[in-house]
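The stops below proceed from the whole chain to single residues.

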Amino acid sequence: MKNPFDLTGKSVFVSGASSGIGKATAVLLSSLGASLTISGRNVQRLDETFQILEGEGHRQIICDFCDYDDTAAKIADTNKFDGVVYCIGTQKTGVAKSLTANDLKEVFDTNFNAVVNLNTLLFEGKKINKGASVVIVSSIAAYYPEVGNAAYSASKGALSAFAKVLALESAKRQIRVNTVSPAMVRTPLLQKFDVTDEQFAENEKKYPLGYSEPEDVAAAIAFLLSDGARQITGADIKIDGGLTLQ
Ligand SMILES: NC(=O)c1ccc[n+]([C@@H]2O[C@H](COP(=O)([O-])OP(=O)(O)OC[C@H]3O[C@@H](n4cnc5c(N)ncnc54)[C@H](OP(=O)(O)O)[C@@H]3O)[C@@H](O)[C@H]2O)c1
């Protein structure tokens, strides 16, 4: 009997693979047999991920997805994919009543616009195979409010809503689209929060299972990419250590 979670023979594109969740995802997917195209902006850190992938035949793309011309050129040059993981993101804190257009632009440019643009290039460029699985890394911020998180929350809310429409429109080609929504995950992104180490540790007490590690999110992504999830589309997997149970 074939293991439904085995990814052997699947070609998967992982964006944001130079750090954090994307890096852990790339490493896990390679261990499950996937053939990967990984992307990031930082040459050295992306290569560090590349060097620890299992298996052969993986590729790297250095690209800032906010640069639409370069993104179009790089995507035109890729192979076709059975799986795509959108795992790029940024964070900027600030209370809702004081948000400026520039704050919103900074966060939405990366968290929403660049992802949607990349997705359009992949779909319109016929780079996504029939039966493929698309996984979008959103956040519990899309539906769980926290003080100072308005711009990020709005960008992830937009992304989660976009994912559901894309799921509906893509089903006719058996393409599945799902989101994962982590709460706090120990990655370099957390350095963008304006909090002390003490505040950070105090906040973790709200989490029944504690903060997540990047590997915890990677495991959910791997499941959604696998044939084990072949009837799952338009869904969201919340990975929040129990935070939102209370
Ligand atoms: N960490 C958390 O607590 C948490 C919680 C919920 C959701 N998330 C989401 O998880 C995803 C990954 O975050 P992370 O925590 O792993 O953060 P991270 O460690 O900072 O990694 C972010 C990744 O995104 C890439 N990236 C950012 N802007 C880009 C751009 N314009 N073009 C191309 N690549 C770009 C970075 O590339 P370079 O480093 O090469 O520049 C890096 O690989 C994000 O969508 C984030 O919002 C994180």
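**The whole chain**

Buried residues make up 42% of the 246 residues in the protein; a residue is buried if 20 or more other C-beta atoms, placed from the backbone, lie within 10 Å of its own, exposed if 12 or fewer, and partly exposed in between. This is a predicted model, in which local features need pLDDT of at least 70 and side-chain atom pairs count only at pLDDT 80 or more, whereas totals for chains, interfaces and linings use all residues. Residues are numbered from 1 along each chain as its sequence is written.

Display the C-alpha trace, which spans about 45 × 40 × 40 Å along its principal axes.

Helices (H or I, at least four residues) and strands (E, at least two) are DSSP runs, numbered from the N terminus.

**The ligand shell**

Select the ligand and its surroundings. The shell holds 28 residues, the closest being Gly-20, Gly-40, Gly-89, Thr-187 and Leu-189; a residue is near the ligand if its C-beta atom, placed from the backbone, lies within 6 Å of it. Helix 1 (20–31) and helix 4 (101–124) each supply at least two shell residues, and helix 1 gives the largest share, 3 residues.

**Strand 6**

Select residues 176–182, which form strand 6; 7 of its 7 residues are buried. In a regular strand the side chains alternate between the two faces of the sheet. Here Arg-176, Asn-178, Val-180 and Pro-182 point one way, while Val-177, Thr-179 and Ser-181 point the other way.

Which strands pair with strand 6? Strand 5 (residues 128–137) runs parallel to strand 6 and is joined to it by 5 bridges; Ser-133 has Arg-176 as its bridge partner. Strand 7 (residues 236–239) also pairs with strand 6 in the parallel sense, over 4 bridges, and Ser-181 is partnered by Lys-238. Two strands pair if DSSP finds at least two bridges between them.

Centre on Val-177, which counts as buried because it has 26 C-beta neighbours inside 10 Å. Beyond four places in sequence, its contacts include Val-134, Leu-166 and Thr-233; a contact requires C-beta atoms, placed from the backbone, within 7 Å. Ala-163 is 14 residues from Val-177 in sequence, yet 6.4 Å away from C-alpha to C-alpha.

**The nonpolar core**

Now show the largest nonpolar core, with 61 residues; Val-12, Val-14, Leu-29 and Ile-221 are among those with the most contacts inside it. Helix 7 (residues 214–225) supplies the largest share of this core, 7 residues. Such a core is a set of buried Ala, Val, Leu, Ile, Met, Phe, Trp, Tyr and Cys residues joined through C-beta atoms within 7 Å. Zoom to Val-14: beyond four places in sequence, it touches residues including Gly-22, Leu-29, Ile-38 and Cys-87.

**Two loop residues**

Most residues other than glycine have a negative phi. Lys-126, in the loop between helix 4 and strand 5, has a positive phi of about 55 degrees. Lys-126 counts as exposed because it has 8 C-beta neighbours inside 10 Å. Finish at Gln-174, in the loop between helix 5 (150–170) and strand 6, where phi is positive at about 60 degrees. With 13 C-beta neighbours inside 10 Å, Gln-174 counts as partly exposed.

Technical notes:
Two residues are in contact if their C-beta atoms, placed from the backbone, lie within 7 Å.
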